[in-house]
Structure formats: structure tokens, C-alpha cells
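Morning, everyone. I have one structure to walk through, and I'll keep it quick. Please have the viewer open.

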Amino acid sequence: MNRAVDRRPLRADAARNVNKIIAAARQCFREHGPEVPLQTIAVTAGVGPATLFRNFADKEELVLAALHQQLKLRVNPVIEEALAGKDAAEGLFRVVDALMGVASDEANLLGAVAGRRGVLTGITGDLIESVAVLLGRGQGQGTLRSDISMTDMIRLLAMLIGVVDTMEAGSDAWRRPVALVEDAIRAERPDRPLPPQSLVPGTAYGTAFGVGFGSTYGNTYR
């Protein structure tokens, strides 16, 4: 059992401590990056190290809990709307957009997870089930490719989450690869321009080539 995700109901005071620790973790990861020590998080939360470790065995468990909380707040409402809507494909794409918004905003949290494989299995059970429902409905409505399986979707989601490693935290550079994936799984590709190209920070494509690369190749594929 992952304590960070599958918890029993907590007493009010314990629940407040957990929420303070998670809020402090998000703040510390945002300000200091994925290598921030747990001691710093405990101090920021205003709790002792014993309280932190009583609730979270290690940094990865804390990270998964923080990501799970953000998914509940920001993605679950979108899932509910998508499942209640008539157009399953558009609902699915809104869910993916919401997921990627969280992944981008919490990039430093993701960077602290040693193995990304645990992210999808550890925090996204309800999400995956909902994606399966929307995929099946979309295929039944003829708007999504009939040969796309849930195995494909899980791998595509994992691939898209990995996109945050190639962009600045909090940016919307994920919109272009998401659009490419959406076009790939539609039954018919829409006639629309892709979202703008963005450079990859910290690489030759984002520094040495500079504006030249972005203006030449970026404009070509927009």
C-alpha cells in the first residue's frame, strides 16, 4: 500500500499537519528545486521531522501525495465534466490538457521522483479508468481511432508527462506535443495549425541556435 495515496481518514489535527507538509513541499520544490532536503520542508511547514516522517516514509512518498492532491483538485473536476459530456474525444483531450497543466506547474515535484513509472501507477488510478471509459466511448462514436488500446494510451500519457523535462516549469510548451498526440489518435485529423514551437532550454536547440532555430524551423512547422 502507498501511504501517500491510499490513506485511512485522519484526525483533524493530523489532517492539518499533512496538508501543511504537502503545501510546504510544493513551495520548497518550486523555490529550491527537486533536491530540497526534507528538513527544509519540515521547517517551512512548521512541524518537526518526526511529524513529517510519521506521515511520509521518504521524499518520493511525499511527492506522490502532493501530486495526487493536485490531481484531485485540478483534474478530477475535468474528468467529471468529460464523463458527463456528449463528445467523448473532446472530453478526453480536456482531461489530458488538465493533467499536463499539473505536470508543468509541478515539474520540480516530478523531478524528485526517482522512477517515473511509479507516477502513473501510484497516483492516477481513477484517471486511467476514466481515460479508458472516454477512449471506448470515443471509439464507439467514431471520433477516435479504433485500433488505439489502453496500453497505447498509458504509454502516450507517460511520454507526454516526460515532456516537462524539456521545458521551463510552468510553461505551456506541452501544448504542441499534446496536439500532435491528439491528432494521432483521432479518427480524422483536423485541419488546424499546431500550437507555437518553443525551444528546449539548456540545449543547443535552445541556446546555441537561439532565435535562428526557433524562427526557421519553428515557423516551418506551425
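Start at Ser 130, which sits in helix α9. Keep in mind that this is a predicted model. Is Ser 130 buried or exposed? Its relative accessibility is 11%, and the cut-off for buried is under 20%, so Ser 130 counts as buried. Setting aside residues up to four places away in sequence, Ser 130 touches Ile 79 and Leu 83.

Now zoom out. The protein chain has 12 helices and 0 strands. Of its 222 residues, 40% count as buried. The accessible surface comes to about 11,900 Å². Carbon and sulfur atoms own 53% of that surface. What about contact range? Take contacts between residues at least 6 apart in sequence: 66% of them join residues at least 24 apart.

Next, the core. In soluble globular proteins, nonpolar side chains tend to be buried together. Here the largest nonpolar core has 59 residues. Which residues have the most contacts inside it? They are Ile 21, Phe 29, Ile 41, Leu 62, Val 75, Leu 92 and Val 95. Helix α6, residues 88–105, supplies the largest share of this core, with 11 residues.

Let's take two of those core residues in turn. Ile 21 is found in helix α1. Ile 21 has a relative accessible area of 0%, so it is buried. What does Ile 21 contact, leaving aside neighbours within four places in sequence? The list is Ile 41, Ala 45, Val 47, Thr 51, Leu 52, Asn 55, Phe 56 and Leu 62. On that last one, Ile 21 and Leu 62 are 41 residues apart along the chain, and their C-alpha atoms are separated by 8.4 Å.

The general rule behind that: an α-helix has 3.6 residues a turn, so residues three or four places apart point the same way.

On to a helix pair. The axes of α4 and helix α5, residues 76–84, come within 4 Å and cross at roughly 40 degrees. That angle makes α4 and α5 oblique to each other. On the α4 side, the contact is made by Leu 71, Lys 72, Leu 73 and Arg 74. On the α5 side, Asn 76, Pro 77 and Val 78 make it.

Ala 88 is in helix α6. Ala 88 is buried, at a relative accessible area of 3%. Beyond its neighbours within four places in sequence, Ala 88 is in contact with Leu 134, Arg 137, Gly 138 and Gln 141. Ala 88 and Leu 134 are 46 residues apart along the chain, yet their C-alpha atoms are separated by 5.2 Å.

Where is Leu 144? It lies in the loop between α9 (125–141) and α10 (150–162). Leu 144 and Leu 134 are 10 residues apart in sequence and 9.7 Å apart in space, C-alpha to C-alpha. Not counting residues up to four places away, the residues Leu 144 touches include Ala 89, Leu 92, Phe 93, Leu 134 and Ile 185.

Ile 185 brings in the last stop, helix α11, residues 175–185. Its buried residues are Arg 176, Val 178, Ala 179, Val 181, Glu 182, Asp 183 and Ile 185. What covers them includes α6 and α10.

That's the tour. Over to you.

Methods. Residues are numbered from 1 along each chain as its sequence is written. This is a predicted model: local features need pLDDT of at least 70, side-chain atom pairs count only at pLDDT 80 or more; totals for chains, interfaces and linings use all residues. Side-chain values use heavy atoms; hydrogens and water are left out. Helices (H or I, at least four residues) and strands (E, at least two) are DSSP runs, numbered from the N terminus. Contact means heavy atoms within 4.5 Å. A nonpolar core is a set of buried Ala, Val, Leu, Ile, Met, Phe, Trp, Tyr and Cys residues joined through side-chain atoms within 4.5 Å. Buried means under 20% relative accessible area, exposed over 50%, partly exposed in between (1.4 Å probe, protein chains only). Accessible areas come from the Shrake-Rupley method with a 1.4 Å probe; for residues, only the protein chains shown count as cover. Axes are lines fitted to C-alpha atoms, for helices over the stretch in contact, and angles run from 0 to 180 degrees between N-to-C directions. Angles under 35 degrees count as roughly parallel, over 145 as roughly antiparallel, 65 to 115 as roughly perpendicular and the rest as oblique.
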